[in-house]
Amino acid sequence: MARAHLCGEAFAPDALLAAFLEGRGDDGAVVSFVGLARAASRDGETVSSLCLDWHPVMTERSMLQIANDGARRFGVSDLLVVHRCGEIAPGEAIVFVAAAAAHRREAFLAADYVMDRLKTEAAFWKRERGPKGVRWIDPTDNDRADLARWSN
Amino acid sequence: MTTLRVQFFGRPSDIFGPGMDIDIPAAGVPLSELRRLLVQSEPEASAVFERYGVRAAVDAEISAEDVLVRPGQTVEFFSMFSGG
């Protein structure tokens, strides 16, 4: 089972985790990850906000596909992805991933796998806004190397 | 001829804006021809298309260049994804 939601407003990761933990009597492990908007770019420049453009159909569909693939590949009992879109202030959560499984290894792996694929395969286009204007953020070689870890 | 609405996401939107109307034959055109028409209208798009791996979707499905686009379909061009 996997779920994926696009969220246009700030969300509270702690509340999402609390809800995800409810009724987990059959699971022995829950792993969660929260990605945050940084106040500085990779080059150290100030970032006043992050803007995530999205597609009305492809974005949520790509998120759900990745979540389903992660749940199937690692046999987790539940997997949730919540991803922000639109304008995001530094410190706000961009993405929340939680995986529940009988044992911890599968939950860790599923969350790791889903995050690596979201970085390069979820239909978002990311821009940073700062004192020098707005600039697009493209996937990096590290992002592609992270994704390649799962190719076998 | 008929008018087709084309939308843009990511880098191509810097050149074309969020969307533009383009005239195509009523029988439709392959995506490759649509791409050529876009580059013809804004030559700097050629380098952006190549450098940022710009792909196209027809009716929200990523499509090959030989796919025929017909009036009434939704067409989008977009650069590489960058989520997470």
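What is the strand order of the open sheet of five strands in chain B? The order is 2-1-7-4-5, with mixed pairing.

## Basis of the model

This is a predicted model: local features need pLDDT of at least 70, side-chain atom pairs count only at pLDDT 80 or more, and totals for chains, interfaces and linings use all residues. Residues are numbered from 1 along each chain as its sequence is written, chains are lettered from A and ligands numbered from 1 in the order in which they are written, and side-chain values use heavy atoms, with hydrogens and water left out.

Helices (H or I, at least four residues) and strands (E, at least two) are DSSP runs, numbered from the N terminus. Two strands pair if DSSP finds at least two bridges between them.

## The chain B sheet

Angles run from 0 to 180 degrees between N-to-C directions, and axes are lines fitted to C-alpha atoms, for helices over the stretch in contact.

Helix 2 (residues 31-41) of chain B packs on this sheet. The helix touches strand 1 (2-9), strand 2, strand 4, strand 5 and strand 7 of chain B. Contact means heavy atoms within 4.5 Å. The direction of helix 2 makes about 115° with that of strand 2 of chain B. Within the sheet, strand 4 (residues 55-58) and strand 7 (residues 75-78) of chain B are antiparallel, with four bridges. Val58(B) stands opposite Val75(B) in strand 7 of chain B.

Asp59(B) lies in the loop between strand 4 and strand 5 of chain B. Ala60(B) is found in that loop too.

Asp59(B) is partly exposed, with a relative accessible area of 40%. Ala60(B) is buried, at 8%. Buried means under 20% relative accessible area, exposed over 50%, and partly exposed in between (1.4 Å probe, protein chains only).

## The chain A sheet

Chain A has an open sheet of four strands in the order 5-3-7-8, with antiparallel pairing. Its edge strands are strand 5 (86-88) and strand 8, each pairing on one side only. The twist averages 25° from one strand to the next.

Strand 3 (residues 49-54) and strand 5 of chain A are joined by three bridges. There, Leu52(A) has Gly86(A) as its bridge partner. Strand 3 pairs with strand 7 of chain A over six bridges, and Ser49(A) stands opposite Arg129(A). Strand 7 and strand 8 of chain A pair over five bridges. They form a hairpin with two residues between them. Trp136(A) in strand 8 is the bridge partner of Arg127(A).

## The cavity

The whole structure holds one cavity of 30 Å³ or more. On a 1 Å grid over the protein atoms alone, a cavity is a set of points where a 1.4 Å probe fits but cannot get out; a pocket is an open set with protein on both sides within 12 Å along at least five of seven lines; lining residues have an atom within 4 Å of a point. Grid points are joined across faces, edges and corners, and a volume is the space filled by probe spheres set on the points.

The largest cavity holds about 30 Å³ of space. Its lining includes Trp125(A), Trp136(A), Asp138(A), Arg11(B) and Met80(B). Strand 7 (124-130) and strand 8 (133-137) of chain A each give two or more residues to this lining. By class, the lining residues are four nonpolar, two polar and three charged. Ala, Val, Leu, Ile, Met, Phe, Trp, Tyr, Cys and Pro count as nonpolar, Asp, Glu, Lys and Arg as charged, and the others, Gly among them, as polar.

## The second largest pocket

The second largest pocket holds about 180 Å³ of space. Among its lining residues are Arg61(A), Gln65(A), Glu121(A), Ala60(B) and Phe81(B). Helix 2 (58-74) and helix 3 (104-121) of chain A and strand 5 (61-63) of chain B each give two or more residues. Helix 2 of chain A gives the largest share, five residues. The lining divides into six nonpolar, two polar and four charged residues.

Glu121(A) sits in helix 3 of chain A. Glu121(A) counts as partly exposed because its relative accessibility is 29%. Not counting residues up to four places away in sequence, Glu121(A) touches Ser62(A), Ile66(A), Leu147(A) and Phe81(B). The C-alpha atoms of Glu121(A) and Gln65(A) are separated by 9.9 Å, with the two residues 56 apart along the chain.
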